[in-house]
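Biologist: I am new to this structure and would like to go through it step by step. Please show it before we start.

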Amino acid sequence: MSDIAKRKRIEDELKASEVRYRRLFETAKDGILFLDADTGRITDANPFLQDLLGYSHAELLGKMLWEIGPFRDIAASRGAFRKLQRKKYIRYDNLPLETKGRRHRHVEFVSNVYRVNGTEVIQCNIRDITARYQAEQALADTGKLLEQRVEARTAELLMANRLMKNMLDEGKRAGEMIAKSRERLRNLSGRLQSLLEEERTRISREIHDVLGQTLTAMKMDLSLISRSLASDGHAGHSAKIREIERNVNNIIRTVRRIATDMRPGILDELGVAPALEWLVKDFQKRTGISGKIVLRGVDRTTDTVLSTAIFRIVQEALTNVMRHAAASQVTVSLEKMNNALILEVKDNGIGIMEERIFHSKSLGLIGMRERVLLLGGEVAISGKPGEGTLVRVTIPTGSGAISNV
Ligand SMILES: Nc1ncnc2c1ncn2[C@@H]1O[C@H](COP(=O)(O)OP(=O)(O)O)[C@@H](O)[C@H]1O
Ligand SMILES: [Mg+2]
């Protein structure tokens, strides 16, 4: 091949290469800018950069970098250029720009210096990262917003928490006050009950001893008078006196009845077991309802509070059987276990209605519970229609409990 042909081929290849790089430059999706490294003037800018900045090729050509709007604000431009001349490389990850049309853009800016045919050329690659930047920004904003919301919510929760704690404290205080006042009421009720029992005992004795003895003396006097009148031949008067005698007898019985109803002497004299036996027998006699009593392990009572409580509870339960149960049979049982006393009153009547058991108007049952509570025990009442009612009282007698039976 001749030299001419060789040169022609090299020229052709060069031309082809030039066309390829030119096309790369023209179609690149990044901005590309060439500057003269000595003067800093723009020697070329690709279409993408022209579009990005909004300047025509002619407007850009021959300008210094900092003479065109978008780079004007970068005070560092002149300095950056010098640095570039010195270091041959410069990079900005995120450079904010304002285009000719006053649009704000963010670009990644990379410059290199290299030598072409003995002169230094600066090539700047400018990539539009606005979309990425905005997305990052939005993400950061969302993050900040979320953080603020979390903070606000935390503050709200703390507030609610504090409020709740205050309410709980108040509730607790109120609960304590209620508990205290309930305790006071219970003490008061206990005190009233013992006062009532004392008073009943006193009146009952007074009636029995004073009234009873006076009446008995009257009765004896009357029979004496009646006999002497009869022997003196005043039979008519004698009959009248005998009638008075009978009335006095009735009064004596009534007075005894009132005295025992108030507080049977047997309770204080012989204890709770004989008192219950008497009570059940008396109940049967008065009502015609068959009464049974079962006593297990119950000795003489030394504790009057306990025996009074048991006696009054049975009295109330039996009165209820008479008034409400329509029963034909009732069984009272008192049993002493190891560390508890179990008292049961069971009838075979209609059965107490569920809602009556804890009704606020069931004062008899409330009184029962109060007495038992004072002794540290509990009351269980149950009833089944047609099967009767069971009142079951458990009173602890172990250490700490009130005395023993
Ligand atoms: N053994 C019972 N059988 C059926 N009902 C009963 C019995 N004991 C109580 N009751 C019911 O429970 C209610 C409450 O009894 P209580 O508190 O003693 O009040 P009271 O006897 O003054 O009515 C009674 O009114 C009655 O309806
Ligand atoms: Mg009652």
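**Questions on a predicted model**

Modeller: Phenylalanine 48 has its place in helix α2. Keep in mind throughout that this is a predicted model.

Biologist: Is phenylalanine 48 buried, exposed or partly exposed?

Modeller: A residue is buried under 20% relative accessible area and exposed over 50%, with partly exposed in between. Phenylalanine 48 has a relative accessible area of 24%.

Biologist: How far apart in space are phenylalanine 48 and glutamate 26, C-alpha to C-alpha?

Modeller: In sequence, phenylalanine 48 and glutamate 26 are 22 residues apart. In space, their C-alpha atoms are separated by 7.6 Å.

Biologist: Which backbone oxygens does the side chain of asparagine 46 reach?

Modeller: Asparagine 46 lies in the loop between β2 (42-45) and α2 (47-53). Its side chain reaches one backbone oxygen at 2.9 Å, that of aspartate 30. It also reaches another at 3.1 Å, the backbone oxygen of phenylalanine 25.

Biologist: Is asparagine 46 buried or exposed?

Modeller: The cut-off for buried is under 20% relative accessible area. Asparagine 46 has a relative accessible area of 0%, so asparagine 46 is buried.

Biologist: Where is glycine 40, and what is its relative accessibility?

Modeller: Glycine 40 is in the loop between β1 (31-36) and β2. Glycine 40 counts as buried because its relative accessibility is 1%.

Biologist: What is the distance in space between glycine 40 and leucine 65?

Modeller: The two residues are 25 residues apart in sequence. From C-alpha to C-alpha, glycine 40 and leucine 65 are 6.9 Å apart.

Biologist: What is the phi of lysine 88, and where does the residue lie?

Modeller: Lysine 88 lies in the loop between α5 (76-87) and β3 (89-98). At 34% relative accessibility, lysine 88 counts as partly exposed. Lysine 88 is not a glycine, yet its phi is positive, about 65 degrees.

Biologist: Is arginine 102 buried or exposed?

Modeller: Arginine 102 has its place in the loop between β3 and β4 (104-116). Its phi is near 65 degrees, a positive value in a residue other than glycine. Exposed means over 50% relative accessible area. At 60% relative accessibility, arginine 102 therefore counts as exposed.

Biologist: How far apart in space are threonine 201 and isoleucine 252?

Modeller: Threonine 201 is in helix α6 (residues 130-231), and at 15% relative accessibility threonine 201 counts as buried. Threonine 201 and isoleucine 252 are 51 residues apart in sequence. Their C-alpha to C-alpha distance in space is 18 Å.

Biologist: Now the ligands. Which residues coordinate the magnesium ion (ligand 2)?

Modeller: Both coordinating residues lie in helix α10 (residues 304-325). They are 4 residues apart, about one turn of the helix. The ion is coordinated at 2.1 Å by Glu316 (OE) and Asn320 (OD1).

Biologist: How many residues surround ligand 1?

Modeller: Ligand 1 sits in the largest pocket. The closest residues are Glu316, Asn320, His324, Asp347 and Leu365. The number that surround ligand 1 is 14 residues.

Biologist: Which element gives the most to the shell around ligand 1?

Modeller: Ligand 1 sits in the largest pocket. The elements that give two or more residues to its shell are α10 and α12 (363-374). The one that gives the most, with 5 residues, is α10.

Biologist: What percentage of ligand 1 does the protein bury?

Modeller: An oxygen atom of ligand 1 lies 2.9 Å from a polar side-chain atom of asparagine 320. Backbone atoms also take part: a polar one of glycine 364 is 3.0 Å from an oxygen atom of ligand 1, and an N or O atom of leucine 363 is 3.4 Å from an oxygen atom of the ligand. Taken alone, ligand 1 exposes 530 Å², and the share of that which the protein buries is 83%.

How values were computed:
Residues numbered from 1 in each chain as written. Chains lettered and ligands numbered in written order. Predicted model: local features only at pLDDT ≥ 70, side-chain atom pairs only at ≥ 80, totals over all residues. Heavy atoms only, no water. Donors = N, O, S within 2.8 Å, 3.2 Å for Na, K, Ca; no water. Near = heavy atom within 4 Å. Polar contact = N/O pair within 3.5 Å; in protein donor to acceptor, adjacent residues only side chain to side chain. Areas by Shrake-Rupley, 256 points an atom, 1.4 Å probe, with all protein chains shown as cover. 1 Å grid on protein atoms, 1.4 Å probe; cavity = no way out; pocket = protein on both sides within 12 Å on 5 of 7 lines; lining within 4 Å. Sits in = over half its atoms within 2 Å of the grid points. Buried < 20%, exposed > 50% of the residue type's maximum accessible area, 1.4 Å probe, protein only.
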